[in-house]
Amino acid sequence: MPNENRKRGKKHKKTQEPSQPSRETNQATQNAEHHNRPSWIVPAQELEEPHPEAPFGYVDPDIKAYFRTVDDQIRTWQQERPYEEDQAADLDPNEAKRIFLVAALSEMSEKEKQLATDPDCSVVLERMAYSMDDFVRRVFLDSLSGSYEALVKHRFASHVCQTLFTVAADTVSREIKGIYPSVADSKDKGELRTLTRLILDICEELTPAFTSLVVDPFASHVLRALLLLLSPTSSAASHKAQSNMRSKKSSAWKARQGTMKSVFADNKSYDRVDSTRAVPNEFHEAAIRFVRVLKSELSDNEVRALAANKVASPLLQLILEVEADRGESSLPDSLMDHVLVGIITLCRENPDEQLEASDYLVTLLRDPTSSHLLETMVSRCPDPAFTILWATYFRGKLARLATHPVANFVVAKAAERLNPTQLKGALEELESSWNKVIGSARTGVLRAMIDRACTLRAHEKDICQAVCNAFELVQPKDRSHLVSCVLVLKPLREYIATGPTKHISEDAQQSSKKGKVDDSKEPKVQGALILQSLLRLNEPHCMMVTDSIKTLPTEDLILLSQNPISSRVIDVLFDSETVPFKVKRALVISLIGHYHTLVDDRIGSRVGDRCWAFADPYLREKIARSLVVHEQFLTASYFGKFFARNINLYLLQRRPDEWRELQSQSKSSTGQTTSPSALPSAPSAIVQRPNSDDAEVSHPSKTSKKRRSRPEDEIDAVFNASLGAKVKRTAVSATGSFDKLVVQKSDQDLQDVLGAIRAAPSDDGGRGKRQRKS
């Protein structure tokens with residue numbers, strides 16, 4: 001501002017308008033009002049609204065950094081192998097882990113809810129839950145009491161609750177047996193509830209909001225884990241129920257977190273629920289209470305709407321399993337009756353009435369989400385209801401449903417409950433549609449009917465004819481191509497047009513995944529499963545597969561045995577009780593002379609072990625004799641050397657009588673076959689000591705006596721300090737009045753080497769003197 005425009009005098013501030021009270025006036029007024037009220041009354045506007053992502057507050061950055069180091073250390077312990085751990089004699093290898101875990105738990109005290117809702121620390125709590133003992137789990141669950149409704153609906157805390165319910169199964173089992181952890185004396189007053197009581201209290205806390213939690217995207221997974229803890233029956237704890245524990249996104253995320261297991265247990269996994277585990281009766285009552293709450297608070301249409309909900313449908317499947325296990329699904333107005341549109345009520349009131357197909361169930365049959373629920377209802381509904389369900393929604397429509405991309409799974413599940421009359425009608429209805437089933441590569445219905453015919457022992461001839469029609473094996477001579485056609489899921493006409501199929505080995509299969517090999521000639525899992533089911537049929541019908549295997553050239557048979565998919569067919573051939581013994585023996589004999597090629601592969605070596613385990617002592621000697629000329633080849637082979645060690649070629653060539661005795665002993669009178677890994681290794685020798693009361697090692701040679709009479713020199717001290725006493729005495733069996741002992745021949749060779757080392761200095765000295773004389 002120019003100087004001429006400036007005014008002299010003091011500057012006066014503008015006075016505030018009386019209509020706008022100052023901040024100090026408002027604060028003084030509020031303080032006066034606060035003093036006039038009791039001290040325990042706090043105005044609502046003074047309470048800050050909690051953030052939905054952190055309803056219990058944020059974790060301090062220093063605490064979060066500390067638990068990040070805890071996560072790294074526990075992850076390292078969970079991924080290491082037992083032999084990598086410190087096995088010092090004067091220090092417990094688990095002591096450092098216990099001290100570390102106790103320190104982390106102490107730091108976690110009174111911050112459990114904040115840590116559980118934190119995106120980084122929640123994973124640390126999940127990892128620590130596997131290593132907590134029973135007492136710590138009780139304390140941790142008790143610290144979360146009163147807030148489970150908010151925790152199970154939280155994005156991160158819900159996974160912590162789910163993990164806690166999963167690992168709590170072992171603690172509940174121990175409490176049923178009366179095994180409780182010892183509690184140290186503490187100044188804290190109060191009684192710590194048992195884990196069984198805590199789980200029941202959690203159920204009571206969640207019961208009022210159960211219907212809303214069913215459709216919550218985070219809480220539904222927690223409720224599944226809770227129901228499996230309450231009712232671990234064989235049906236509820238099935239593989240399908242376990243697969244629904246987490247969403248695909250959540251499972252993929254957890255897989256990236258590495259292995260989660262106890263740092264104190266040896267390879268102990270909590271991923272699966274033991275269906276034979278006993279639970280208190282109160283748990284069954286709590287589980288059925290959830291079912292009754294859902295049935296009383298939801299109408300018929302609301303229950304049916306849950307079937308199509310991607311979040312609620314998996315939980316509804318588990319609830320229907322619990323209802324069926326408790327025997328309440330066969331009652332009118334049950335949850336299963338609501339979903340089946342009154343079929344169970346109709347069976348009770350008017351069983352002879354003709355039922356019209358419901359559009360709702362027809363939609364469930366073809367919906368990718370709700371079809372899983374229909375599978376559960378088809379397998380668990382009462383028999384009268386299943387009869388009506390099959391006649392109304394399946395019979396007469398199998399040709400379309402069997403080739404449908406979704407409905408074929410429901411039909412396959414329904415085929416597991418067919419009676420002989422229904423199975424016969426289904427085979428007749430699908431007689432002209434099997435080629436379409438194979439062409440669409442949806443073989444679940446065919447395999448399910450084969451398994452059902454095997455269970456019922458009925459219509460096995462018809463099911464074999466259906467398989468031949470599906471692959472266009474019309475003439476009896478065409479059945480020799482059964483295995484080749486079924487493995488690649490191609491009819492005979494297409495199989496011949498594409499040329500002879502070579503079964504791809506494991507290395508070639510890995511290359512086919514990269515696009516280097518034509519996978520149209522690669523064995524399919526569906527085809528291998530069909531052949532395995534056919535091998536379980538009765539003898540006249542399973543011979544269709546064995547005859548086809550018998551006609552395969554030896555090269556193709558070896559390639560089939562070296563493939564990870566088709567080799568399972570050979571396994572089932574040996575395991576099946578309906579396959580004749582002579583067929584299995586003929587297969588073992590047909591490979592004599594080619595075992596060195598068979599076992600030179602990761603999968604083929606396992607098949608070779610199966611053949612060796614099945615063979616009798618006579619066949620074993622023939623197999624071993626054929627491999628003597630290939631001993632060096634097997635020794636150089638990465639996988640073949642293990643097979644050569646199992647058959648013990650060293651002992652066969654030097655002591656054949658003892659080798660035969662050993663093979664006879666391996667075929668025990670109980671009918672159990674000794675595993676090949678239990679046989680002695682190649683350098684071992686068997687020494688029989690008849691009429692001897694004490695088991696001793698064979699007499700050493702005279703040179704070994706002289707060596708023992710010598711004083712110990714420096715070389716002896718070095719070898720004895722590093723090797724120690726290596727003479728092993730292993731009793732094979734005790735029969736009659738004599739013992740048979742296994743002695744390590746490598747020890748005798750070691751003594752010979754030591755003798756040569758001792759003798760070396762004197763010889764060198766003599767040669768040196770002669771050189772000097774010359």
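Predicted model: local features only at pLDDT ≥ 70, side-chain atom pairs only at ≥ 80, totals over all residues.
The chain is built from 45 helices and three strands. Of its 774 residues, 44% count as buried. Contacts between residues at least 6 apart in sequence give a further view of the fold: 73% of them join residues at least 24 apart.

Helix packing may be considered next. Two packed helices are described by the angle between their axes and the distance between the axes. For helix α2 (residues 61–79) and helix α3 (residues 95–108), the angle is about 150 degrees and the axes are 11 Å apart. Because angles over 145 degrees count as roughly antiparallel, α2 is roughly antiparallel to α3. The crossing of these two helices is left-handed. On the α2 side, the contact is made by Ile63, Tyr66, Phe67, Thr69, Val70, Gln73, Ile74 and Trp77. On the α3 side, Ala96, Lys97, Phe100, Leu101, Ala103, Ala104, Glu107 and Met108 take part. By class, the residues of this contact of α2 with α3 comprise twelve nonpolar, two polar and two charged.

A pair of aromatic rings is described by the distance of the centres and the angle of the planes. Tyr66 and Phe67 form an edge-to-face pair, with 5.4 Å from centre to centre and 80 degrees between the planes. Elsewhere in the chain, ring pairs link Tyr595, Trp612, Phe643 and Trp659 into a cluster.

As α6 passes α8, the crossing is left-handed. From α6, the residues in contact are Asp134, Arg137, Arg138, Phe140 and Leu141; they meet Val160, Leu164, Val167, Thr171, Arg174 and Glu175 of α8. The contact of α6 with α8 contains five nonpolar, one polar and five charged residues.

In helix α20 (residues 371–380), seven of the ten residues are buried, and the helix is mostly covered. The buried residues of α20 are Ser371, Leu373, Leu374, Glu375, Thr376, Met377 and Val378.

Ser296 is found in helix α14 (residues 281–297). With a relative accessibility of 60%, Ser296 counts as exposed. Between Ser296 and Leu335 there are 9.8 Å from C-alpha to C-alpha, although the two residues are 39 apart in sequence. Ser590, in turn, lies in helix α35 (residues 581–590). Its relative accessible area of 35% makes Ser590 partly exposed. Ser590 and Lys550 are 40 residues apart in sequence, with 8.7 Å between their C-alpha atoms.

Most residues other than glycine have a negative phi. Val341, however, has a positive phi, near 60 degrees. Val341 lies in the loop between α17 (335–339) and α18 (343–349), and at 32% relative accessibility it counts as partly exposed. Ala441 likewise has a positive phi near 60 degrees. The loop that holds Ala441 runs between α25 (434–439) and α26 (444–456). With a relative accessible area of 39%, Ala441 is partly exposed.

Note on methods
Residues numbered from 1 in each chain as written. Heavy atoms only, no water. Axes fitted to C-alpha atoms, helices over the stretch in contact; angles between N-to-C directions. Helix = DSSP H or I, 4+ residues; strand = E, 2+ residues; numbered from the N terminus. Parallel < 35°, antiparallel > 145°, perpendicular 65-115°, else oblique. Left-handed = near helix turned anticlockwise from the far one by under 90°. Contact = heavy atoms within 4.5 Å. Nonpolar A, V, L, I, M, F, W, Y, C, P; charged D, E, K, R; others polar. Phe/Tyr/Trp six-rings, centres within 6.5 Å; stacked < 30°, edge-to-face > 60°. Buried < 20%, exposed > 50% of the residue type's maximum accessible area, 1.4 Å probe, protein only.
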